[in-house]
Amino acid sequence: MAHDTTPQARVAGGDATGIPIASGKSLLRPLKAAEVVARDVVRDITANRLAPGDSLESEAEMLQKYGVSRESLREGLRLLEVQGMINIRRGPGGGPSVGTVDPGNLGRVEALFFHLAGATYQELFQAWILAETTLAGLAAANEDADLRSERMEPFLDRDAHRHEHQELADFVEGHEGFHAAVAALSGNRVLELTFRAYGQLVSHHVATVGDPRPIQDALVETHLGIAEAIIRGYSDAAGQLMREHLEEVIAINIEQLGDLVAGPVEWL
Ligand SMILES: [Zn+2]
């Protein structure tokens, strides 16, 4: 069967592969000891208003405080470490410290779900367009005009973002920086986190599988147009320009992913 691999392709339900998506029966599942520890550590981070890099208590102190086995404590901390929410330095002078809240890590968790459910890259791209156009529209609708200008003005400088021989990692980080700035202007942290996870996931996979740098000048140019629309408060235009921008990026992705596009999202 031939697959339509254009960005406009709309895959309803995708291929009939993968594990069926459950109806949510695990909603009320009781937490395991390690999850309880993880939850309590997170509560303490919030209650004590800790910031990234701040040290957490030592293992000995936590063992006493939470009253769990060493095994459960370590498993609980590991759960948070995988999400990037804490960092653990091993060895003398090491210990756990507060990490970050990074949609990239949420994207990795989602990739696992998407992969097992058999969700395709086409479905991911469709979701990504929906997500980023919504964020761009909300960013332009942000009532704080000064904030819109402040956050978007750095992206009006063409030359600062054009580096012909930029390292791939720097390019991806720079590109993501623009989309993160747009998302932050949306004024909704739930949307910012969940919607940005798609973009992070796409970027991670594209940088792993292919190389988006050949079109970077065009991307800088479209970022500029989106930034201008957001500054002027043109919500529909910002959304539309974002859509066109992503379709451009997706066209490159499709070329580089080849047959993978119609297959399930990989858990990389
Ligand atoms: Zn972009």
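Colleague: Which helix gives the most to the lining of the largest pocket?

Modeller: That's α7, with 8 residues. Helices here are DSSP runs of H or I with at least four residues, numbered from the N terminus. A pocket is an open set of points on a 1 Å grid over the protein atoms alone, where a 1.4 Å probe fits and there is protein on both sides within 12 Å along at least five of seven lines; lining residues have an atom within 4 Å of a point.

Colleague: How much space lies in that largest pocket?

Modeller: About 450 Å³. That volume is the space filled by probe spheres set on the grid points, which are joined across faces, edges and corners. The pocket is lined by 21 residues, and the closest to its centre are D102, G104, V172, E176 and Q200. Along with α7, the elements that give two or more residues to the lining are α4 (103–117) and α8.

Colleague: Before I go on, what kind of model is this?

Modeller: It's a predicted model: local features need pLDDT of at least 70, side-chain atom pairs count only at pLDDT 80 or more, and totals for chains, interfaces and linings use all residues. Residues are numbered from 1 along each chain as its sequence is written, and side-chain values use heavy atoms, with hydrogens and water left out.

Colleague: OK, new topic. Which residues are the protein donors of the zinc ion?

Modeller: H175, H179, H223 and H245, each through its NE2 atom, at 1.9 to 2.1 Å from the zinc. Donors are N, O and S atoms within 2.8 Å of the metal (3.2 Å for Na, K and Ca), and water is not among the atoms, so sites may look incomplete.

Colleague: Why is the arrangement called tetrahedral?

Modeller: Because the 4 donor atoms subtend angles of 101 to 117° around the zinc ion. Four donors count as tetrahedral if all angles lie between 85 and 135 degrees. The ideal angle for four tetrahedral donors is 109.5 degrees.

Colleague: How are the donor residues spaced in sequence?

Modeller: As H-x3-H-x43-H-x21-H. H175 and H179 sit in helix α7 (residues 168–185), and they are about one helical turn apart because they are 4 residues apart in that helix.

Colleague: Are those two buried or exposed?

Modeller: H175 and H179 are buried. Buried means under 20% relative accessible area, exposed is over 50%, and partly exposed is in between (1.4 Å probe, protein chains only).

Colleague: Last one: what does S72 touch?

Modeller: A33, A34 and V37, not counting residues up to four places away in sequence; contact means heavy atoms within 4.5 Å. S72 is found in helix α3 (residues 70–82) and is buried, with a relative accessible area of 13%.

Key: Tetrahedral: all angles 85-135°; square planar, octahedral: opposite > 155°, others 65-115°.
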